[in-house]
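Welcome! Take a moment to look over the sequence and the model before reading on; the report below will walk you through a few of its parts.

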Amino acid sequence: MPASRFSQTGNYRTRYRQDQTIFATYAEQASLIVLLLVLLLLPQVLPKTVLRDVNLILIYAVAVLGLNVTTGYTGLINIGQAAFMGVGAYATALAATRWGLPFYAAIPLGGVAGAVVGTIVGLPSLRLKYLYLAVATLAFQVIFDWGVGHSPLLEQGGAISLPTVQAFGVRDSFLNHNVFWYYIILPALVVLALLWRNVLRTKHGRSMIAVRDNDRAAAAMGINPGTAKLTAFMIGSFYAGIAGGLFAYFQKAVVIEDYGLSVSVQFLAMAIVGGLGSVPGSFLGPMFIVGLDRVMEVASQRLGDMNIFPAGVDAATALRPLSFGLAIVLFLMFEPRGLANWWRLSRTYFKKWPFKF
Amino acid sequence: MTLLPQLLLAGIVIGSIYALAALGFVLIYKSSRVINFAHGQIIATGAFIAYALTQGGLNFWLAGLIAMVATFLLGMLIERVFLRRMVGQPIISVIMVTIGLASVIEGILHLTPYGNGSFSFATPAALTGGGLDLFGTPLSRVQIVGVFASLALLAGFTYFFNKSTLGITMRAVADDQMAAMSVGTSVERVFALAWAAAGLTAAAAGVILGLLSGLTIGSLTGIGLKVFPVVILGGLDSVVGAIVGGMLIGILENLAAGYLDGIVPGGGTREVFPFIVLLAVLLVRPYGLFGTKEIERV
C-alpha cells in the first residue's frame, strides 16, 4: 500500500523506489513550484540594491552547493572552494575576451575548467584521509593565489574586464544589469540544484554518502571510495567553476581578491551555518552570511561614527571576520546541523499540527 | 660562491622560527588529533601582546615573557571553552571550529590599533652590538640570539617531552587515549596542557619573528600557513619532525628565492615553494619524514 501522495506525517517508505523519489508528496512539489513563481516575480518588487544582494546570494549558493557536495555529502574538507571558483572565473574571462565566446558557452566552459582542476587537486584523495586532504586543498588555494598573481596572461591578478552580453534580444546595461543577470543566475541555480538532487538518488550520490559515513564499510559493500571521492571533487568544483563564471560576468571583472583564502573560509561558514549535507542549507547559509555581512556593514559604520575605537582601526575589516568566525563556531557548538535543521523542524511542526509528534 | 652559504644561513634563521611554530602545532595534533588552523592567529596575538607591553614602557624581555604567559592562558582558554565541548564530535567539525576561531581572533586583532600597518620592536640594548661574519655572510646579533633562543626552547620541550612525568603522560595519551585513561591519566588535563604549551611556543615564535622582521598581521598569521608544509614534511605527530621540517622548509624556501626568483617572472617563489613541496610530500610520503605511518589506501 503506497503511502499518501498528499500528506505524510512520518516515514512510510517500504520500497527502494519510494526512497528514490525526489518529492515525497504532491504538496512538496506544489510548494516548490509556487516558490519558483514567486522568485520569478521577485525583481518586479525588490529595489535595485537588494536585488544585487539576492544575485550574490544565488551565486554563492551555487558555490556552496558544490562545497556541500565535497564537504557535506562526501565528508572531504575543502578549504579551496574559492580557488576552484577562481579557476572558473578566469577560464570564463579568457574564453570571453580572447576567443570571443558568448556567455552561454563561456560560463559552462568555466565550470568544466573548474571540474578538471578540481579532479586533479582531488587526486591525493585516492591515498589521503580528510585531514591531509584539507591541507592539500589549502595548499592549492595558496598556489592558485600566487600563480595568478605572477601570471602576465591573467594581468597579475589585476582586473580583467568582461564584455557586456546580450540575450533574448535584451542587452545587459548599467540600468538593467541586476535584473538581467537575475534571470540567468536563478535558472542556472535551479538546474544545478535539481541536477544534484537527482545525482543524490543515483548510485553515485548514495555511494558518496556511504563513504562519508564510513569509508571502510562502504568499501566492504563494494563501493570504490576513491572513485566516489573523485566524483565528488569533480562535481563540487564544477559547481564552483560555474559560480565563478557567473560571478565574473555579474561583477563585470575578475580580480584575484574575490577568490582568496578568506572567501574559501566564508564559503565554509555558509555551508556550516546552512547545514552540511543539505540542499536547502546551501541556500539558507549564503542568505544568512550575506545578511550578516550587511548588518555588520551598518554596525561598523555606526560604531565608526561613535568613535569608540582607537585611531587607525577599520571596524569593517575587524567585524566581518569576527562575525563569520563566531557564526562558524557557535553553529558547530550549538546547532551542528545548521539552519536546515530549523527549517526541517518548523516544517514538521506545521505538518503535524496540532500534534506535538 | 658566497650565495649558497648565505642562503643556507638565512634558511636556518627563519627555519628555527618555523620549527618553533610547528612544535606547538605538533603538540596539539599529537595529543588530541586536532589540526589547528588558528595557530598563526595565536602567534600574532602573542607578538602583539609583547609589542603593546613594550609600547607601554616595559622591558623587552619581560614583555616577551608576559606575552608567553598570556598565550599559555589563551591556549588553555580556547581548549576549555571551545575544544572540550567538541570531544566526540566528528573530526571535521573540530577542524572547522579551529578555522572559525582563526577568523574570530583575526577579527579581534583588527579591533586593536595594530590591525593595520607594520610595527617593529625597539631592538633591546643587549642585541644592538655587532654580529658575526660566517662564511662571508654577516649575521646580526638579533639573528644569532633568535636562532639560539628558538633552539633552546626546542631542546627544552624535547627534554620535557622525553623525561618529565607530564611529558610522558602526554606521550601516553598521544599513543593510546583509552589505555592512558585506564591507568588514571587525566586526558582533559593533557589536552589543556598541549594547547597551553602550543600557545607558549607560538608567542615565542611570534616575538622572535617580530624582532627579526617586524610585525604585521599578515606576515605573522602567514606563519600559521607556513606551518603546514613544515609539519607535513616532518610528520604531523613528530616533535623531531617539526624541528627538522622547520629547518628544511626554511632552507628550501631560501634556496628557491635565491635560485628560482631570477627565472620565474615576478619572483617571490619563497611564498609558494613550501606549498609545492607540501603537495609533493602528500603524494609521495603523506606521513612525512618522521610521522607514524597510518595512512591507508582506499
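A residue counts as buried if 20 or more other C-beta atoms lie within 10 Å of its own. N254(B) has 22 other C-beta atoms within 10 Å, so N254(B) is buried. Please keep in mind throughout that this is a predicted model.

Where does N254(B) sit? N254(B) is found in helix α10 of chain B, which covers residues 239–260. Leaving aside residues up to four places away in sequence, N254(B) touches L7(B), A10(B) and G11(B). E271(B) lies 17 residues from N254(B) along the chain, and 10.0 Å separates the C-alpha atoms of the two.

Now let us step back to chain B as a whole. Chain B is built from eleven helices and two strands, and the order along the sequence is α-α-α-α-β-β-α-α-α-α-α-α-α. A compact globule of 298 residues would have a radius of gyration near 19 Å; chain B has 19 Å, so the two agree. The C-alpha trace of chain B spans about 55 × 50 × 35 Å along its principal axes.

| Feature of chain B | Value |
|---|---|
| Buried residues, out of the 298 residues | 53% |
| Contacts between residues 24 or more positions apart, out of contacts with a separation of 6 or more | 74% |

Next comes the meeting of the two chains. How many residues of chain B are in contact with chain A? There are 42 of them, and they are in contact with 45 residues of chain A. On the side of chain B that touches chain A, α4 (91–111), α9 (217–234) and α11 (269–284) of chain B each supply at least two residues. The largest share comes from α4(B), with 17 residues. By type, the residues on this side of chain B are 29 nonpolar, nine polar and four charged.

Finally, here is a helix in chain A. Helix α7 of chain A runs over residues 177–200, which makes 24 residues. At 1.5 Å a residue, this helix should span 34 Å, and its end C-alpha atoms are 34 Å apart, so expectation and model agree. Which residues of α7(A) are buried? They are F180(A), W181(A), Y182(A), I184(A), I185(A), A188(A), L189(A), L192(A) and W196(A). The elements of chain A that cover these buried residues include α2 (26–45), α3 (48–73), β3 (170–171), α10 (225–251) and α12 (279–306).

Note on methods. Residues are numbered from 1 along each chain as its sequence is written. Chains are lettered from A and ligands numbered from 1 in the order in which they are written. This is a predicted model: local features need pLDDT of at least 70, side-chain atom pairs count only at pLDDT 80 or more; totals for chains, interfaces and linings use all residues. Helices (H or I, at least four residues) and strands (E, at least two) are DSSP runs, numbered from the N terminus. The expected span of a helix is 1.5 Å times one less than its number of residues. A residue is buried if 20 or more other C-beta atoms lie within 10 Å of its own, exposed if 12 or fewer, and partly exposed in between; C-beta atoms are placed from the backbone. Two residues are in contact if their C-beta atoms, placed from the backbone, lie within 7 Å. The radius of gyration is taken over C-alpha atoms; the globule rule is 2.2 Å times the number of residues to the power 0.38. Ala, Val, Leu, Ile, Met, Phe, Trp, Tyr, Cys and Pro count as nonpolar, Asp, Glu, Lys and Arg as charged, and the others, Gly among them, as polar.
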